[in-house]
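This report goes through one protein model, from its overall make-up to a few of its parts. Please keep the sequence and the structure in view while reading.

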Amino acid sequence: MKKLYAILLALALTLSLAACGSSSGGDAQQSGGNDAQQSSDAGSGSGDAQTPPDSGSGDVITVGFAQVGHESDWRTASTKSAQDVFSAENGYELAFVDCDNDPAKQLEAVRNFIQQGVDYIIIDPIVATGWDTVLTECEDAGIPVIVIDRTVDDSDKYVSWVGSDFKVEGLACGEWLKAYAADKGITEINALVIEGSVGASATIGRTDGFKEIADREGWNILASQSGDFTEAGGQEVMESFCQSYKGQFNVVICQNDNEAAGARTAMDTAGITYGVGGDVILVSFDANKPYVQMVCDGKINANFECNPMAAPTVSDIIQQLEKGETPEKEVYVSEHWFAAEDNVTSITVNGETQEVIHATQDVVDARPY
Ligand code: AHR
């Protein structure tokens, strides 16, 4: 039966990819380094991605993946991870749809997967709400759904979620800034925030976490605006911030690496210095390798990792389901914090002491993605 599905799926996939567009990513490897959080290390162990599933019957397992889009380096790493893990040699048939950051397209992709009769559906939700109806349809069709990365906040009709604690990332950013400013004798924080995409749980969590510390410490958030997790968006927002708040800000928080790249271009053009020894403290999220290099080079002051390597854990979950086992409902990936200087070596987040890694060249070279 599954072989028939696989043939039909391959046919349908050819058509749906032509209609919806597809993308393949760049480098994706395994996460490593020091644990900063609780949870399962979804990114550790380079063998995980290559471990063939033990499906018992030898049947191909068909998986539909409704990916957010291709907006960032992080997304490229996430896509590549899924394509590596859900490969034919690992016993999978992957139907991949790049939803181009369009929530309607993502719902349509999930419904197409139901039509195609895939064995499992993976969703990285572009937005956190609006999911209950389509997840009910998946449930009615008997197709288990695994959510990765961003959360679904208005339905629990999925088997498991694998991803990051975005609020902890925002809290960590705030706690690091507090300790860094204290060490440098900086008594006033005037921050500009370039948020991620509107409605994404990654945006909501990072914004809430940082704001909680800012409110507690009495910092001034001059403005907070979406850059849509893209380099172009980050540059555009920062260009407007440079005009509106010239000379008034000493901190820029970018909610992902691509936005930080755009913000750097805008500040370079405006003649504003940032990073180690600069007038502005520049902070980023994701910690993709080229951007940890920027931390090492002193261009970004600190970077808070978001681990894109969920796919090996999702494969483990599928194998559990194949064996009739019940997987964990929530699995947190491990993440690490990186800083350009070694003046803050640890922070306390939610009562837990977490390491801040000094981003030396050795640390950069060991980065897997
Ligand atoms: O959902 C994860 C976020 O989405 C990453 O921080 C960002 O780079 C991506 O686009």
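## Overall make-up

The model is predicted. Its protein contains eleven helices and 14 strands. It has 369 residues, and 54% of them are buried.

Contacts between residues at least 6 apart in sequence can be sorted by separation: 75% of them join residues at least 24 apart. The protein exposes about 14200 Å², and carbon and sulfur atoms account for 47% of that area.

In soluble globular proteins, nonpolar side chains tend to be buried together. Here the largest nonpolar core has 30 residues, and the members that touch the most others are Met238, Phe249, Val252 and Met267. At least two residues of this core come from each of strand E6 (190-195), helix H7 (231-244), strand E8 (251-254), helix H8 (257-270) and helix H9 (289-296). The most is given by H8, with five residues.

With its neighbours within four places in sequence left aside, Met238 is in contact with Leu192, Ile194, Phe249, Val252, Ala263, Ala266 and Met267. There is also a second, separate core of 28 residues, including Cys173, Ile189, Phe210 and Trp337.

## The ligand site

Which residues surround the ligand? They are Glu71, Ser72, Trp74, Arg75, Asp149, Arg150, Ala202, Arg206, Phe229, Asn256 and Asp286.

Three of these residues can be described by a distance from a polar side-chain atom to an oxygen atom of the ligand. For Glu71 this distance is 2.4 Å, for Asp149 it is 2.7 Å, and for Arg206 it is 2.8 Å. Taken alone, the ligand exposes 280 Å², of which the protein buries 100%.

## Helix H2

Helix H2 covers residues 73-85, which is 13 residues. From its first C-alpha to its last, H2 reaches 19 Å, close to the 18 Å expected at 1.5 Å a residue.

The buried residues of H2 are Trp74, Arg75, Ala77, Ser78, Thr79, Ser81, Ala82 and Val85. Trp74 and Arg75 are also among the residues that surround the ligand. What do the buried residues of H2 pack against? Their partners are strand E1 (61-67), strand E2 (92-98), strand E9 (281-286) and helix H10 (311-322).

How values were computed. Residues numbered from 1 in each chain as written. Predicted model: local features only at pLDDT ≥ 70, side-chain atom pairs only at ≥ 80, totals over all residues. Heavy atoms only, no water. Helix = DSSP H or I, 4+ residues; strand = E, 2+ residues; numbered from the N terminus. Buried < 20%, exposed > 50% of the residue type's maximum accessible area, 1.4 Å probe, protein only. Contact = heavy atoms within 4.5 Å. Areas by Shrake-Rupley, 256 points an atom, 1.4 Å probe, with all protein chains shown as cover. Core = buried A, V, L, I, M, F, W, Y, C linked by side-chain atoms within 4.5 Å. Near = heavy atom within 4 Å. Polar contact = N/O pair within 3.5 Å; in protein donor to acceptor, adjacent residues only side chain to side chain. Expected span 1.5 Å × (residues − 1).
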